[in-house]
Amino acid sequence: WYRRGGYRGMHAGDDVTVSPGDVSVLDLSRPFKTRIAGDHFHNCNIFIPRNFLLPQLRSGRALHSLRLSVDSALGRIFTRFLAATAEELPHATQAEIPTITQSIVGTVAVLLDSVECAGDPSSLLDEPTSQAMRDYIEANLQDPYLDADSLCAAFRCSRAYAYRLFR
């Protein structure tokens, strides 16, 4: 979240411009190159491991190059959520941290599910999603109930989407 300043850049071949107040999503497994706009910037970062976020997403689409504009109501809600979280997190007790973490990941997932990608929004065959599913399968091979339905339930995706990933 760019509280002040912004950047221009390339995210896996997509041109992206992020203005003050915008939220930018980068998948750190994909190439990106950015250059700050202006002399100064102030940003707030949240790093969410893929295996925490992907099962929460409904869309199953790539998030790289996604930009949430401060000009949208969704963008303003998201940035207020981020500001309140940053302000209150230092005061949280150890017992509250797991619930706060679930709340952050769930809120981020719901908001990101509703935003358009700067690049090709139909790029559903996203390698990180496929890898997360493969990792899940590997970790659960001993589960006698592991099947296409349980995989789709874990990743909140359709059977057709899962089959396309493993075509």
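An open sheet of three strands, in the order β2-β1-β4 and with antiparallel pairing, opens this account of the chain. Its edge strands are β2 (14-18) and β4 (32-43), each of which pairs on one side only. On average, neighbouring strands of this sheet are turned by 15° against each other, direction ignored. The axes behind such an angle are lines fitted to C-alpha atoms, for helices over the stretch in contact, and angles run from 0 to 180 degrees between N-to-C directions. Strands here are DSSP runs of E with at least two residues, helices are runs of H or I with at least four, and both are numbered from the N terminus. Two strands pair if DSSP finds at least two bridges between them.

The model is predicted: local features need pLDDT of at least 70, side-chain atom pairs count only at pLDDT 80 or more, and totals for chains, interfaces and linings use all residues. Residues are numbered from 1 along each chain as its sequence is written, and side-chain values use heavy atoms, with hydrogens and water left out.

The whole chain contains six helices and five strands. Read from the N terminus on, its elements follow the order β-β-β-β-α-β-α-α-α-α-α. Of its 167 residues, 35% count as buried, a term that means under 20% relative accessible area, whereas exposed means over 50% and partly exposed lies in between (1.4 Å probe, protein chains only).

The pairing within the sheet can now be followed strand by strand. Strand β1 (residues 2-11) runs antiparallel to β2 and is joined to it by five bridges. Met-10 stands opposite Asp-15 in β2. The hairpin of β1 and β2 has two residues between the strands, and Ala-12 takes a positive phi near 50° there. Strands β1 and β4 also pair in the antiparallel sense, over eight bridges. Gly-9 has Thr-34 in β4 as its bridge partner.

Ser-24 lies in strand β3 (residues 23-24) and counts as buried because its relative accessibility is 17%. Its side chain is joined to that of Tyr-7 by a polar contact of 2.3 Å. A polar contact is a pair of N or O atoms within 3.5 Å; within protein, one must be able to donate a hydrogen and the other to accept it, and residues adjacent in sequence count only if both atoms are side-chain atoms. Asp-39, by contrast, lies in strand β4 and counts as exposed because its relative accessibility is 69%. Asp-39 and Gly-5 are 34 residues apart in sequence and 8.0 Å apart in space, C-alpha to C-alpha.

The second largest pocket holds about 250 Å³ of space. A pocket is an open set of points on a 1 Å grid over the protein atoms alone, where a 1.4 Å probe fits, with protein on both sides within 12 Å along at least five of seven lines; lining residues have an atom within 4 Å of a point. This pocket is lined by 16 residues, of which Ile-46, Thr-85, Leu-89, Thr-101 and Ile-104 lie nearest its centre. The elements that give two or more residues to this lining are α2 (73-88) and α3 (97-113).

Key. Grid points are joined across faces, edges and corners, and a volume is the space filled by probe spheres set on the points.
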